[in-house]
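Reader: I have not seen this structure before. Could you take me through a few of its details?

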Amino acid sequence: MKAIWYEKQGDASDVLVFGEIDKPVPQNGEVLVKVSFSGLNPSDTKRRSGFRGQKHAFPKIIPHSDGSGVIESVGRNVDKNRVGERVWLYSAQWQRPFGTAANFVCVPSTLAIPLADTTSLEVGATIGIPALTGYAGMFKYSKLNGSTILITGGGGCVGNCAIQMAKYAGAHVISSVSGQEKMTAALNAGADHVLRYDNTHFVEDIMDITTDRKLDLIFDVAFGHNIETNLNLIKEHGIISTYASDNKSIAEIPFQKFLQMNLSICSVFMYLLEDKMMHDALQFLNNWQNDIGIKPFIAKQYHLSETILAHQDLESGNIIGNIIIDCQG
Ligand SMILES: NC(=O)c1ccc[n+]([C@@H]2O[C@H](COP(=O)([O-])OP(=O)(O)OC[C@H]3O[C@@H](n4cnc5c(N)ncnc54)[C@H](OP(=O)(O)O)[C@@H]3O)[C@@H](O)[C@H]2O)c1
């Protein structure tokens with residue numbers, strides 16, 4: 001089969017190889033999926049480049065954890081009726097060497113989730129990391145119905161998906177972005193209000209929107225950068241839930257303020273969701289797809305042979321939306 005792989009960490013153009021590799025055979029508990037689309041996320045490029053000291057964990061790595069496709073065969077102890085099922089995939093290359101950037105991938109049956117009839121295979125490849133991160137970060141303590149929340153980075157893949165999920169759950173959603181195109185993306189996702197976070201009146205503008213009622217939850221893409229602003233927006237007993245802090249990995253926390261406001265910090269690492277959380281998330285995602293459908297947020301589609309360009313595009317920071325890779329065309 002055709003696949004993309006790397007045998008050492010480095011720049012995409014230096015280490016990613018496109019070539020032929022043996023088609024995998026599903027082992028006990030696994031399914032073999034004919035991959036339609038591979039979904040690219042920052043964690044894939046960070047793992048490839050060795051971001052913040054990440055180790056090269058296997059001699060040969062086929063990257064990408066997210067994807068979609070059709071189950072072609074199953075290993076022992078997997079229901080044979082799954083053959084032919086359309087699925088979306090998550091965590092395919094988490095603590096395993098071979099991910100979705102290939103014609104075929106074998107994954108534990110539990111990582112191949114039935115895709116709703118209403119969801120295209122293209123969109124299916126964009127569900128995994130963004131949606132599971134959004135669910136874990138926003139629904140850990142609350143069902144959100146009636147809550148007023150801020151989702152920072154509404155033009156980002158996780159943020160945009162989170163807006164859609166929060167609106168489906170019945171939240172009043174304010175989002176922050178850095179420019180006009182991202183503002184349009186956040187509004188298209190369903191945000192009730194979208195503001196530029198570089199505006200000096202950001203906090204006052206949000207308080208105008210809420211008529212001075214502080215926020216129940218902030219779902220944040222830039223913890224270290226936004227901590228002071230967020231402390232001016234969150235209510236007592238509120239939750240600051242975060243999944244990234246790329247530009248400021250060591251954040252200073254004004255402890256006394258956190259203490260006296262009885263605030264909670266919720267940090268999310270989607271690869272490590274507990275079983276109950278994962279079960280609830282999958283149920284929610286299924287209902288969301290069937291009830292209203294996922295609005296596509298796909299910016300670019302590449303052929304498998306162009307995966308270097310896809311990685312470079314993601315790392316440029318200039319792409320607004322998901323990048324997917326056609327693994328069959
Ligand atoms: N913990 C986890 O499990 C987990 C899961 C998924 C992703 N992540 C991480 O989360 C980050 C985002 O992932 P993604 O796929 O959503 O990336 P993305 O599509 O590039 O989106 C990131 C967004 O964050 C915005 N942003 C950056 N700084 C901001 C700030 N101070 N306030 C508001 N918005 C800000 C960016 O816009 P501007 O630059 O224009 O402001 C951009 O729109 C990455 O670092 C990724 O590795 C972590």
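Reader: What kind of unit do E9, helix H6 and E10 make?
Author: The model is a predicted one. Strand E9 (residues 172-177) and strand E10 (residues 193-196) run parallel and are joined by four bridges. Helix H6 covers residues 180-189, and with E9 and E10 it makes a β-α-β unit that is right-handed.

Reader: Which residue in E10 does Ser176 stand opposite?
Author: E9 spans residues 172-177 and is bridged to E10. The residue in E10 that stands opposite Ser176 is Leu195.

Reader: How far from Asp44 is the nearest side chain of opposite charge?
Author: Asp44 has its place in helix H2, residues 42-49. Asp44 is buried and has no salt bridge. A salt bridge needs the charged atoms within 4 Å. The nearest side chain of opposite charge belongs to Arg47, and its distance is 4.5 Å.

Reader: Why is Asn286 called partly exposed?
Author: Asn286 has its place in helix H10, residues 275-291. Buried means under 20% relative accessible area and exposed means over 50%. Asn286 counts as partly exposed because its relative accessible area is 31%.

Reader: How far apart in space are Asn286 and Ile250?
Author: In sequence, Asn286 and Ile250 are 36 residues apart. In space, C-alpha to C-alpha, the distance between Asn286 and Ile250 is 36 Å.

Notes
Residues are numbered from 1 along each chain as its sequence is written. This is a predicted model: local features need pLDDT of at least 70, side-chain atom pairs count only at pLDDT 80 or more; totals for chains, interfaces and linings use all residues. Side-chain values use heavy atoms; hydrogens and water are left out. Two strands pair if DSSP finds at least two bridges between them. Helices (H or I, at least four residues) and strands (E, at least two) are DSSP runs, numbered from the N terminus. A crossover is right-handed if, with the strands pointing away from the viewer, the path from the first strand over the helix to the second runs clockwise. Buried means under 20% relative accessible area, exposed over 50%, partly exposed in between (1.4 Å probe, protein chains only). Lys and Arg count as positive and Asp and Glu as negative; His and the chain ends are not counted.
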